[in-house]
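Trainee: Could you walk me through this one? I would like to begin with whatever I need to know before we talk about contacts.

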Amino acid sequence: MTDIPRELTSLEAAAQAALEAAADATALEQVRVRYLGRKGSLAAVLRSVADLDPAERPAVGKLANEAKQRLETALALRREALEAAARAAALAAERADVTLPGRPIPMGRLHPSTQILRRICQIWADMGFQIYRSRDVETEAMNFELLNIPAHHPARDMWDTFYTTVDGVLLRTHTSPGQIRAMREYCPEPIRVILPGMCYRYEQITARSEIQFHQVEGLAVGRHVTMTELKGTLVSFAHRMFGAGRRVRFRASHFPFTEPSAEMDVKCILCGGTGCFLCKQTGWLEILGCGMVHPAVLQNGGYDPAVFSGFAFGMGPERITMLRHGIEDIRYFWANDLRFLEQF
Ligand code: DAH
C-alpha cells in the first residue's frame, strides 16, 4: 500500500496554508513555484505515481489530479483577492478630498488699452466705419508736410519726434498720416474709416505724458460731408461710449490739417459737471480733436476739394481709460505691474 495519498493530503494542506499566508503577488508566485511549478512538490508526487503498481495507479493518479485542481483554483482565487486589495489600497491613497479649498488658477485678461480699443472700434464699426491699419514707421512727408504741417512751422512743436537713422523716416507722432494713405487708396470713392494704432513722441516721461500711446483716428470723405454730420456722429459716439444723454460740447480749436477745427468735451463722468479734481473744477473733460479736413489735405489725398469734403477726428484711448477709471498716472499702462493690470 502506497503512502502517496497521505503525502498528498499533507502537501495540499501545507500549500493551502502557504497560499493564505502570501501577502502580495511576489509571495504568491513563490508559493506557486514551490508547490505547483514544474519542479515543485506536487510535480514530484505526480512523478512518483508512475512507479506505483499498475493496479494502484488510476485511483492514486485521480487523487493527485484532484488535489492539483483544487490548489490551482485556490491559487487563482488568492491572486484575485490580492489584486482587489491592491486596487482598493491604490484608490484609497489617491482619493481626492473634495471638501478641500480649490487652488486658484490665475486667469489672463486683456490689457486695459486693448479693451478700450476694442470697445471704440466696435462703436465705430456699428456706425459703418471700417478699420484701416496704417503703419507705425512713417515718412516725414506723410506725418507732417502732406498734413499741412510744413518744416519749421511752429505747429511742429506739438509733436516731438523720434527720427530713425534713415533720412526722412520717423515713428509716427499721431495716426493722422493714415488719413493720406487711406485717401490715396480709396480715391475717388467715399471713405468712412477709423485708424487705430500706436503713436510715438520724443518726450519726457511723466504722469501725464508717455513716449508711446494709442490713438484712434477717424476719417469720412464724400461729396456732401458737413460739419453738422461731424457733430452728429461724434455726439452719437459719445452717447454710446459714455452713456446716452451725456452732454457734450464743441470748442473751437486749431489743427493744421482741419479747418475749421474743434475739440469735443463731455460732461465730467465723475462729478457730472459740478466740478471735481478729475475735470479740474471745469465740469468738462476733453475727449478728442476734430474738424473738417483741410482742402490742402484733401488734395494731397487725391480728392478735388471743390467736389469733395470730409471730417476727421483723433482721440486717445489711454486718456479715455484714465478718465473712466480715475487713473492719475499714464505710466501704469506700460509698467506691466499686475496689481494695476488685474483691476481691469
Ligand atoms: N493728430 C492730432 C494729435 O495728435 C489729433 C487730431 C486732431 C486728429 C484733429 C484729427 C483731427 O484727425 O481732426 O493731436
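Mentor: Let us start with a term: a polar contact is a pair of N or O atoms within 3.5 Å. Please also keep in mind that this is a predicted model.

Trainee: Okay, so how far is the polar side-chain atom of tryptophan 159 from an oxygen atom of the ligand?

Mentor: That polar side-chain atom of tryptophan 159 lies 3.3 Å from an oxygen atom of the ligand, and the cut-off for a polar contact is 3.5 Å, so the pair counts as one.

Trainee: And what about arginine 201 and glutamate 217, how far are their side chains from an oxygen atom of the ligand?

Mentor: For arginine 201, a polar side-chain atom is 2.9 Å from a ligand oxygen atom, while for glutamate 217 the distance between an N or O atom of the side chain and an oxygen atom of the ligand is 2.6 Å.

Trainee: How much of the ligand does the protein cover?

Mentor: On its own the ligand has 350 Å² of accessible area, and the protein covers 93% of that. As for its location, the ligand sits in the largest pocket.

Trainee: Which residues around the ligand come nearest?

Mentor: There are 16 residues around the ligand, and those that come nearest are His174, Ser176, Arg201, Gln215 and Glu217. Sorted by type, the shell has 6 nonpolar, 8 polar and 2 charged residues.

Trainee: Changing topic, where are the cis peptide bonds you mentioned wanting to show me?

Mentor: One runs from cysteine 187 to proline 188, with omega near 5°, and proline 188 belongs to the loop between α7 (177-186) and β4 (191-200). Another joins glutamate 259 and proline 260, with omega about -5°, and here the proline, residue 260, lies in strand β7, which spans residues 258-267.

Technical notes: Residues are numbered from 1 along each chain as its sequence is written. This is a predicted model: local features need pLDDT of at least 70, side-chain atom pairs count only at pLDDT 80 or more; totals for chains, interfaces and linings use all residues. Side-chain values use heavy atoms; hydrogens and water are left out. A residue is near a molecule or strand if one of its heavy atoms lies within 4 Å of it. A polar contact is a pair of N or O atoms within 3.5 Å; within protein, one must be able to donate a hydrogen and the other to accept it, and residues adjacent in sequence count only if both atoms are side-chain atoms. Accessible areas come from the Shrake-Rupley method with a 1.4 Å probe; for residues, only the protein chains shown count as cover. On a 1 Å grid over the protein atoms alone, a cavity is a set of points where a 1.4 Å probe fits but cannot get out, and a pocket is an open set with protein on both sides within 12 Å along at least five of seven lines; lining residues have an atom within 4 Å of a point. A molecule sits in a cavity or pocket if more than half of its atoms lie within 2 Å of its grid points. Ala, Val, Leu, Ile, Met, Phe, Trp, Tyr, Cys and Pro count as nonpolar, Asp, Glu, Lys and Arg as charged, and the others, Gly among them, as polar. Helices (H or I, at least four residues) and strands (E, at least two) are DSSP runs, numbered from the N terminus.
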